Amino acid sequence: MYYFLPYPKLQQLIDELNQQAYRCVGPQVRDGAIVYDHFHDIKQLPWGVRDIQNPGEYRLEAHDEKQAFAWANGPQAAKPELFKSRESLWRVERDDKGKLCFREVENNAKIALFGIRPCDLHAIKIQDRVFLQDKYVDQHYQRRRENTLIIVVNCSYSSNNCFCLTANGHPQAKSDYDIALTEVDGGFTADFLSSAAQALLSKLALTEASSQQLTAAEKKIDQAVTMQGKKMPEGDLAQLLRDNREHPQWEDVSRRCLSCGNCTQVCPTCFCHREVEKPALDGQSSEHVREWDSCFTEGHSYIHGLVVRKSTKHRYRQWLTHKLGTWHEQFGTSGCVGCGRCITWCPTGIDITKEVAALQKEQQHDDE
Amino acid sequence: MTNNNCYLPHEAEIVERVIESPSIFTMRLRFVDDTTHNAYEFIPGQFNMVYLPGGGEVAISIVSDPESKDLYDHTIRIVGRVTKGLAQLKDGDRIGLRGPFGRGWPMEKAKKHNVIVITGGIGCAPTVSVIHYILNRRQDYGRLSILQGVKHTDDFFYRHRFETWRQAENTQVFLAANELGDHYENWHHGFVTDLLDQVDVDSEHTIAMMCGPEIMMLKSIEKLLQLGMSAENVYLTMERSMHCAVGHCGHCQFGGKFICKDGPVFSFPEVEALLKAKGV
């Protein structure tokens, strides 16, 4: 059953979440981009803007003032909330007798992720496999996931860099959300999957969405599907990458790649992190911290005096081969959700779909 | 060892330190909590994360006998900031320890087989527990051949251990160095791989286990295969940077493998293509 959630009731929903001690995180315009941060008023949402994205390009344009979600995405969404770019894992203290006491760092904050896109939700499900699927569970991530309420907003627009349809995704979220919204005239059609969401929505005394509203919502999603032009090439990409470790395309892309690591920082599934120590000046305590790392740095593959992946060629190959190939071996899924961020935020506009196509083209040529 | 938080170290005490060479030392450790100490179990080839307070963690293989609950030994080469700091600690100092992690050597599969252990430099440390394991169950295994190579005989350590092993039943020890110091006339002058010429390899009934520089392992494998051994019976241990030891941090990826949890011990066919590629 679908409800209709008019904008004023959306404000009530946000108020209710705040009252229930959720930290509400949602999209807003800052420094010329859409970013996710704490918010309390729906006026803060990105009303009347649309993002224009191309390889190496991102800008916002004025769009229909009556819409809050006429855009595709920004550089980040859910990842920095669930997998913090910097976080303390534990602390250690030394007493007068030299005895050490290791203490866990607790985090029980409740987060409401409002207005993430279906590709962001897809990315969360992939990071869940990284941090939760194995016998070793990351408790920091786990605690945050258990305390997170997800309100996804389906897409009505695909940017030039979106390709979720060829990355096992869709502009409409199909599962794993608490509430899913689709923006129509005057508000949203809404459905829910969790009992927490049901309890929340029942407080708002919503009416059922009309058939016209549901048709309008479907049309919006269809519009995002139809306008999506970019495609990830089809085929067994894991095999393609395994077979083409020495392909000349790696040399080619390394001449364009700055090894800056932007793609790994904006990628919603990249999980590499380093652990660093922050000792207190008196030497009696220390904090064990993790920070996002990138396979494009020299330090990532450093081991006692030796850097394993010395060149940009090796690093780009590692990133792409992992993302689309070995990720399957590790987590039973591709690491790509087709959000297009790595293309947009690459300073030289390297397009992951084109790199794969180039590998495939040469590959076919070899077979002839 | 049960610990709900896989990142959190346990407090351990340095009971004894042994200076093995100017740059190599062994720390003999005891968990401060007795229950943790006694519940701790590992298999040969597994490793621990050793934490220097205020300095950070390093992955170190466990060299003691898995049967012994006495102390857990770790042989460490001074190569970086953390190992340098660990080298400066004294008996009675406290550090952090978590583990064991990773997949160890194929001790079950190796039963009834001859075992050849080929190591280079400090690579012999991760195989010490294998050697003890076999010597403690002598009837379960065939002949044990231990081949160790070093750059210079000055780098040689575990002198007493190698002497003890040489005396053990059905066990051979062969030593090689690229540069020989005085009084090492009985050593082979050259590479550890050359020593394989002195081993009578029963290719059908032998398991090889190796640890050392990748080039040394590749050369040894080449020779073992020439001698008729099948690739499935050749095992090696891999090394990459490790921060978390549980497959989360991404540093130790070797193709699709996480060396920390899928390894560090691999059979040759599992890693052959990757080992031969550059910059993986």
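This is a short walk through a predicted two-chain model, stop by stop, with something to select at each one.

Before you click, note that residues are numbered from 1 along each chain as its sequence is written, and chains are lettered from A and ligands numbered from 1 in the order in which they are written. Because the model is predicted, local features need pLDDT of at least 70 and side-chain atom pairs count only at pLDDT 80 or more, while totals for chains, interfaces and linings use all residues; side-chain values use heavy atoms, with hydrogens and water left out.

**Stop 1: the A–B interface**

Select the residues of each chain that touch the other one. The size of an interface is often given as the accessible area lost when the parts come together. Here chain A and chain B bury about 3,700 Å² between them, 55% of it on carbon and sulfur atoms. (Buried area is the accessible area, with a 1.4 Å probe, that two parts lose on being put together, summed over both.)

Colour chain A by secondary structure next. Helices (H or I, at least four residues) and strands (E, at least two) are DSSP runs, numbered from the N terminus.

**Stop 2: salt bridges**

Side chains of opposite charge can pair when their charged atoms come close. The cut-off here is a side-chain nitrogen of Lys or Arg within 4 Å of a carboxyl oxygen of Asp or Glu. The whole structure has 42 salt bridges over all chains, and the count between chain A and chain B is three. For a cross-chain example, select A:Lys99 and B:Glu11, which meet in a salt bridge at 2.7 Å, N to O.

Then go inside chain A, to A:Glu355 and A:Arg256, a salt bridge with the closest N and O atoms 2.8 Å apart. The pair links distant parts of the chain, with A:Glu355 in helix α12 (residues 352–367) and A:Arg256 in the loop between α8 (248–254) and α9 (262–266), 99 residues apart. A:Glu355 is buried at 5% relative accessibility, whereas A:Arg256 is partly exposed at 31%. (Buried means under 20% relative accessible area, exposed over 50%, partly exposed in between, with a 1.4 Å probe and protein chains only.)

Over in chain B, B:Arg240 and B:Glu214 form a salt bridge at 2.7 Å between the closest N and O atoms. B:Arg240 is in the loop between β12 (234–237) and β13 (253–254) and B:Glu214 in helix α5 (residues 214–226), so the pair ties together parts 26 residues apart in sequence. B:Arg240 is buried at 9% relative accessible area, while B:Glu214 is partly exposed at 28%. Back in chain A, select A:Arg86, A:Arg274, A:Glu291 and A:Asp293: salt bridges that share partners join them into one network.

**Stop 3: cysteines**

How many disulfides turn up over all chains? The count is zero, with the cut-off being a pair of cysteine sulfur atoms within 2.5 Å. Check A:Cys270: the closest cysteine sulfur, in A:Cys267, is 3.9 Å away, too far for a bond. A:Cys270 is buried at 10% relative accessibility.

**Stop 4**

Select B:Gly99 and B:Pro100, joined by a cis peptide bond with omega near 0°; B:Pro100 is in strand β6 (residues 94–101). A cis bond also joins B:Gly263 and B:Pro264, with omega about 5°.

Finish on B:Tyr158, a residue other than glycine with a positive phi, near 60°. Is B:Tyr158 buried or exposed? Its relative accessible area is 4%, so B:Tyr158 counts as buried.
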